[in-house]
Each structure stands twice: as C-alpha cells, then as structure tokens.
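The model is a predicted one.

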Amino acid sequence: MTAKKTIPNYLHVFEGRIEELRRRIKVQYSLPKKDRSKSELKAVVKEARSLRNAVREAQEEHSARCPHCGKKL
C-alpha cells in the first residue's frame with residue numbers, strides 16, 4: 001500500500017475557499033462588461049481551478065476502496 005500524499009481533515013476548509021472564489025467570480029460576471037476587472041477575474045479563476053483540482057485529487061485518494069480489487073465503493 002502506498003503512502004497517502006494528502007490529509008483529508010482540512011478538505012472542508014478548502015471547499016469553503018472554493019465557494020468564496022465562486023462567489024467572487026459571480027460578482028465579477030454580474031457587473032457590466034466594461035466594469036469587470038479582467039486581471040482579477042483571471043487570477044480568481046486560476047486559483048479556483050487549481051484548488052478544485054487539488055480537492056478532487058484528495059477526495060479520490062481518500063475514497064473508500066474494496067480491499068480485494070481496489071475499485072471505489
């Protein structure tokens with residue numbers, strides 16, 4: 001069995017951060033196009049994607065698996 005690279009105890013903190021980033025994206029998109037901050041929007045989207053991918057990877061790593069075949073339950 002390989003060692004796990006992540007700790008699942010703090011996933012809820014990162015999921016909360018993702019929700020905050022999504023809220024900030026929605027606020028930017030609610031503004032008229034000429035008033036949007038393109039640089040801020042790009043930075044927030046980039047951070048949200050990387051955080052989302054990290055959370056998905058951690059959830060996949062810590063999901064329940066069959067002890068015989070190793071597939072997800």
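## Ile 18 in helix α1

Is Ile 18 buried or exposed? Ile 18 is buried, and its relative accessible area is 7%. This residue belongs to helix α1.

When residues up to four places away in sequence are not counted, Ile 18 touches Leu 51, Arg 52 and Val 55. For Arg 52, the C-alpha atom is separated from that of Ile 18 by 6.9 Å, although the two residues are 34 residues apart along the chain.

## Packing of α1 against α2

Two packed helices are described by the angle between their axes together with the distance between those axes. Here, helix α1 covers residues 11–30 and helix α2 covers residues 38–61. Their axes come within 9 Å and cross at roughly 150°. An angle over 145 degrees counts as roughly antiparallel, and α1 and α2 are therefore roughly antiparallel to each other. The crossing of the two helices is left-handed.

On the α1 side, the contact is made by Leu 11, Phe 14, Glu 15, Arg 17, Ile 18, Leu 21, Arg 24, Ile 25, Gln 28 and Tyr 29. Helix α2 contributes Glu 40, Leu 41, Val 44, Val 45, Glu 47, Ala 48, Leu 51, Arg 52, Val 55, Ala 58 and Gln 59. By class, the residues of this contact comprise 13 nonpolar, two polar and six charged.

## Gln 28 and Ala 58 at the contact

Gln 28 lies in helix α1 and is among the residues of that helix that make the contact with α2. Its relative accessibility is 9%, so Gln 28 counts as buried. With neighbours within four places in sequence left aside, Gln 28 is in contact with Arg 36, Ser 37, Glu 40 and Leu 41. Of these partners, Glu 40 and Leu 41 are also listed on the α2 side of the helix contact.

Ala 58 is found in helix α2 and is one of the α2 residues in the contact with α1. Ala 58 counts as buried because its relative accessibility is 4%. Residues up to four places away in sequence not being counted, Ala 58 touches Thr 6 and Leu 11. Between Ala 58 and Glu 47, which are eleven residues apart in sequence, the C-alpha to C-alpha distance is 17 Å.

## Exposed positions

The C-alpha atoms of Ser 39 and Thr 6 are separated by 31 Å, and the two residues are 33 residues apart along the chain.

Ile 7 has its place in the segment before α1. It is exposed, with a relative accessible area of 56%. From Ile 7 to Cys 66 the distance is 20 Å, C-alpha to C-alpha, and the two are 59 residues apart in sequence.

## Cysteines

How many disulfides does the structure hold? It holds zero disulfides. Cys 66 is in no disulfide, and the nearest cysteine sulfur, that of Cys 69, is 3.7 Å away.

Notes: Residues are numbered from 1 along each chain as its sequence is written. This is a predicted model: local features need pLDDT of at least 70, side-chain atom pairs count only at pLDDT 80 or more; totals for chains, interfaces and linings use all residues. Side-chain values use heavy atoms; hydrogens and water are left out. Axes are lines fitted to C-alpha atoms, for helices over the stretch in contact, and angles run from 0 to 180 degrees between N-to-C directions. Helices (H or I, at least four residues) and strands (E, at least two) are DSSP runs, numbered from the N terminus. Angles under 35 degrees count as roughly parallel, over 145 as roughly antiparallel, 65 to 115 as roughly perpendicular and the rest as oblique. A crossing is left-handed if the near helix is turned anticlockwise from the far one by less than a right angle, and right-handed if clockwise. Contact means heavy atoms within 4.5 Å. Ala, Val, Leu, Ile, Met, Phe, Trp, Tyr, Cys and Pro count as nonpolar, Asp, Glu, Lys and Arg as charged, and the others, Gly among them, as polar. A disulfide is a pair of cysteine sulfur atoms within 2.5 Å. Buried means under 20% relative accessible area, exposed over 50%, partly exposed in between (1.4 Å probe, protein chains only).
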